[in-house]
Amino acid sequence: MSNRVLLILAAGCTMIAGCANVPDESATALSERIKRDVGAAPSTVQGSTQQSRVRALLTKPLNADAAVEIALINHPRVIGAFEALGIARADYLQAVVPGFVSVDQMVLRPDHAGSTGLKWGLGLDLGRLLSLPNRRKAAAGQRAYQEAKATAEILGVAMGARLAWINLAAARQNADLMAQANDSAQASAAAAEALYAAGNIAKIERDREALFAAEAGIAHAQAQAALVPAQEALVVALGLRGEQSGLVVELERMAAPPDSPISMGDIEARVIASSTDFAMASGTLHAARVDQEIGWFASLFPDLALDAERERDGGEWKQGSGLSWAAPVFDLGSGERLRRGATARRALAMAQALELELRAQARIARAQAEATRQIAITRRNTMLPLSAEVFDGAVRDFNAMEIGILELLMERRARLEAGRAAIAATADYWRAQAALDLLLAGAPAGQTTLLASDPAPSARDAKPGH
């Protein structure tokens with residue numbers, strides 16, 4: 001076997017194995033899982049059973065579904081969201097109370113001789129009682145707003161866990177690939193040094209191998225460094241504390257993107273129907289319209305009350321009843337009615353604007369998910385195998401002395417980048433798909449924008465040899 005063949009075997013065989021480690025498990029749709037995730041959230045009260053479940057999930061290789069389940073059991077924000085629902089219910093019950101009855105009692109003592117007088121009085125907030133049906137409707141709108149807000153908080157926790165899992169899984173696969181590439185580069189550099197010492201290759205060839213090995217070492221160190229923030233982000237997203245934070249050891253590998261195109265029917269209508277943003281806007285609009293309806297009565301009869309009194313004066317009892325209110329002599333409430341009307345019209349305009357924005361975001365999210373799916377499929381199924389064939393051809397040409405070490409190193413870099421790009425494209429797809437599913441599940445649009453972004457671009461931008 002020639003010295004050139006020995007050099008190539010040391011330089012390239014591990015690279016092929018490293019690139020072949022890009023996963024190709026079958027994909028699973030996320031949309032239905034999100035609905036199931038959020039539907040399971042009300043059972044996530046803290047307790048020994050739930051914590052046992054967390055420990056059981058952490059003892060196995062962690063997948064995205066398990067990460068979401070742990071977050072819904074464990075994360076304090078979920079508990080806070082359900083407490084917010086309790087506050088919303090309390091506010092609703094307070095709002096629909098008919099009103100309070102005021103009770104007055106007075107003892108009237110004469111300055112001189114005479115009998116002591118007694119006076120009893122009852123007062124009922126009549127305005128509050130008469131407006132009770134409308135106030136129930138307004139309180140229901142506010143309660144719907146708070147429920148949608150809590151749902152959005154829970155969705156954010158669930159999908160934050162899924163995103164953190166995707167990022168860590170991608171970072172680990174990239175780190176594994178770079179570790180193999182670094183091992184291969186260091187072995188190749190050692191072989192080149194030995195060949196140079198024996199006088200079988202020129203100094204320039206030895207130096208190029210050494211330079212590539214140094215670049216691969218830096219890229220490997222960068223990939224390892226990227227694991228730390230990704231790991232910590234997952235710990236936070238799962239709400240892990242104390243000894244739990246050290247239990248995230250193994251992760252399942254990212255599944256391959258599905259081969260079939262994304263088709264979700266009338267996605268715009270689905271997004272609007274499930275949107276927590278739109279539910280909050282609708283609740284606000286409903287409450288504002290009801291508030292506008294009762295505004296005229298409240299402005300003309302402020303503090304309307306039904307009063308009843310019973311009085312003993314000189315041994316004789318007297319009693320009577322009547323109405324009282326703050327007479328709007330100088331203020332007929334036109335300003336308050338104007339404010340309530342403007343508030344209702346503004347709420348309607350905001351709801352209409354939100355509908356337009358949600359429809360656009362639905363189209364954008366589907367387009368991004370489909371584009372990233374196609375890119376990932378192309379990189380995995382076409383470019384990755386082709387890069388292997390090109391590298392194998394370069395090995396044969398180098399052994400046949402048709403190309404030099406410089407051309408061979410270029411193909412090695414291209415082979416490495418094909419593997420890194422396939423991992424990155426797979427992660428990009430799952431982020432985009434998660435953003436689409438999050439939007440379909442009803443989460444605020446701001447969360448989907450965050451999901452679609454790559455939080456650690458430096459992890460894949462460090463390219464040896466560039």
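Student: What is the handedness of the crossing of α4 and α7: left-handed or right-handed?
Tutor: Good place to start! This is a predicted model, where local features need pLDDT of at least 70 and side-chain atom pairs count only at pLDDT 80 or more, while totals for chains, interfaces and linings use all residues. Residues are numbered from 1 along each chain as its sequence is written, and side-chain values use heavy atoms, with hydrogens and water left out. A crossing is left-handed if the near helix is turned anticlockwise from the far one by less than a right angle, and right-handed if clockwise; the crossing of α4 and α7 is right-handed.

Student: At what angle do helix α4 and helix α7 pack?
Tutor: Two packed helices are described by the angle between their axes and the distance between those axes. Helices (H or I, at least four residues) and strands (E, at least two) are DSSP runs numbered from the N terminus. Axes are lines fitted to C-alpha atoms, for helices over the stretch in contact, and angles run from 0 to 180 degrees between N-to-C directions. For α4 (residues 64-74) and α7 (residues 132-197), the axes are 8 Å apart and the angle is about 140 degrees.

Student: Which word describes how α4 and α7 lie to each other?
Tutor: Angles under 35 degrees count as roughly parallel, over 145 as roughly antiparallel, 65 to 115 as roughly perpendicular, and the rest as oblique. The angle here is about 140 degrees. The two helices, α4 and α7, are therefore oblique.

Student: How many salt bridges does the structure hold?
Tutor: Side chains of opposite charge can pair when their charged atoms come close. A salt bridge is counted when a side-chain nitrogen of Lys or Arg is within 4 Å of a carboxyl oxygen of Asp or Glu. The number of salt bridges in this structure is 14.

Student: How many residues apart are Glu268 and Arg359?
Tutor: The side chains of Glu268 and Arg359 meet in a salt bridge, at 3.1 Å from N to O. This pair links distant parts of the chain, with Glu268 in helix α9 (residues 267-274) and Arg359 in helix α11 (residues 334-399), and their separation in residues is 91.

Student: Is Glu268 buried or exposed?
Tutor: Buried means under 20% relative accessible area, exposed means over 50%, and partly exposed is in between (1.4 Å probe, protein chains only). Arg359, at 28%, is partly exposed. Glu268 has a relative accessible area of 19%, so this residue is buried.

Student: Which residue forms a salt bridge with Arg363?
Tutor: Arg363 is partly exposed, at 42% relative accessibility. In its salt bridge the closest N and O atoms are 3.1 Å apart, and the partner is Glu268. Arg363 lies in helix α11 and its partner in helix α9, so the pair ties together parts 95 residues apart in sequence, and the partner in α9 is Glu268.

Student: Which helix holds both Glu417 and Arg420?
Tutor: Glu417 and Arg420 form a salt bridge with their closest N and O atoms 3.4 Å apart. Both residues are buried. They are 3 residues apart, about one turn of the helix, and that helix (residues 405-441) is α12.

Student: Where is Met401?
Tutor: Met401 has a phi near 60 degrees, a positive value in a residue other than glycine. At 62% relative accessibility, Met401 counts as exposed. Its place is the loop between α11 and α12.

Student: What is the C-alpha separation of Met159 and Leu438?
Tutor: Met159 lies in helix α7. With a relative accessible area of 1%, Met159 is buried. Met159 and Leu438 are 279 residues apart along the chain, and their C-alpha atoms are separated by 6.9 Å.

Student: And what is the C-alpha separation of Pro261 and Gln374?
Tutor: Pro261 sits in the loop between α8 (203-238) and α9. Pro261 is exposed, with a relative accessible area of 57%. Along the chain Pro261 and Gln374 are 113 residues apart, while their C-alpha atoms are separated by 8.3 Å.
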